[in-house]
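Okay, hi everyone. I'd like to walk you through a ligand and the pocket around it, so let's get the picture up on the screen.

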Amino acid sequence: MARILKEYPSVSLRKESLRLNPEDLDGKIDFVRIFGRAGPVHIEIGTGKGTFLLNQARAQPGDNFFGIEWARKYYRFAVDRIGRWGLTNVRIIRTDAVTFLADFVPDNSVDCFHIYFPDPWPKKRHHKRRFICPANLEHLIRCLKTGGQLKIATDHADYFEQIKQVLTVGAGQCACPRLEQIDFLPTAGAEASEWVGTNFERKYLKDQRPIYTLAVKKT
Ligand SMILES: C[S@@+](CC[C@H](N)C(=O)[O-])C[C@H]1O[C@@H](n2cnc3c(N)ncnc32)[C@H](O)[C@@H]1O
């Protein structure tokens, strides 16, 4: 039987709340209004069950964490967990990150994008669905503040090659003039031998798959 999710007052409000609906947004998003305070903004694309958001938001209470997830079951699961953890510095929206980034996220407004285990779309004819592509990278760079970071982890060697190509990383230096490669530091929820400690990373590590990571900074 499907689990009935508890409604959390701070979660279930439509506006100024943890749970946001795309129709509540009017033009570009104002993160200060959405979070009710100023502070560094992190966006996770494809939160899954929200493990990264939960751990990082708890570890960095002064920062604001915004999750984007389009799968209803993962979104609902993450909302429920965020509510139960009582976190006030997390918001999450159920929508497609591609259009959300393009239509709603202002220029120079984000301190860090986190993209952990994006869907790899392994079939060649589906590669065009992969999130990391030149058009989306343009938006990621546009939205990042100067000095802002983009952190990526994947288990998929072929997708990782594409990611490096899109970011044109060579010999430790990004060829893209606005990006510089930096060390990928493990996230707050990562345990020994993990990079990000998300559900998918744990599943893939159990299968002994290699994990590839990349971090860049907007210069
Ligand atoms: C392989 S899962 C990884 C989840 C989580 N980051 C982790 O590491 O456990 C990829 C997630 O990205 C979500 N996703 C894929 N494309 C998306 C898009 N365009 N917009 C929002 N979410 C997306 C999927 O629904 C899925 O939950």
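Predicted model: local features only at pLDDT ≥ 70, side-chain atom pairs only at ≥ 80, totals over all residues.

At G46, a polar backbone atom lies 2.8 Å from a ligand nitrogen. Over at Y116, a backbone N or O atom is also 2.8 Å from a nitrogen of the ligand. On its own the ligand would expose 600 Å², and the protein buries 92% of that.

Who else is around? There are 17 residues around the ligand, and G46, E69, D96, Y116 and T198 come nearest. Sorted by class, that shell is seven nonpolar, six polar and four charged.

Now zoom out a bit. Where does the ligand sit? In the largest pocket. That pocket holds about 780 Å³ of space. Its lining has 36 residues, with G46, E69, F117, P118 and D119 lying nearest the centre. The elements giving two or more residues to that lining are β2 (41–45), α3 (51–59), α5 (97–104), β5 (110–116) and α8 (199–206). The largest share comes from α8, with four residues. Class by class, the lining is 18 nonpolar, eight polar and ten charged.

Okay, that's my tour. Over to you for questions.

How values were computed:
Residues numbered from 1 in each chain as written. Heavy atoms only, no water. Near = heavy atom within 4 Å. Polar contact = N/O pair within 3.5 Å; in protein donor to acceptor, adjacent residues only side chain to side chain. Areas by Shrake-Rupley, 256 points an atom, 1.4 Å probe, with all protein chains shown as cover. 1 Å grid on protein atoms, 1.4 Å probe; cavity = no way out; pocket = protein on both sides within 12 Å on 5 of 7 lines; lining within 4 Å. Sits in = over half its atoms within 2 Å of the grid points. Nonpolar A, V, L, I, M, F, W, Y, C, P; charged D, E, K, R; others polar. Points joined across faces, edges and corners; volume = space filled by probe spheres on them.
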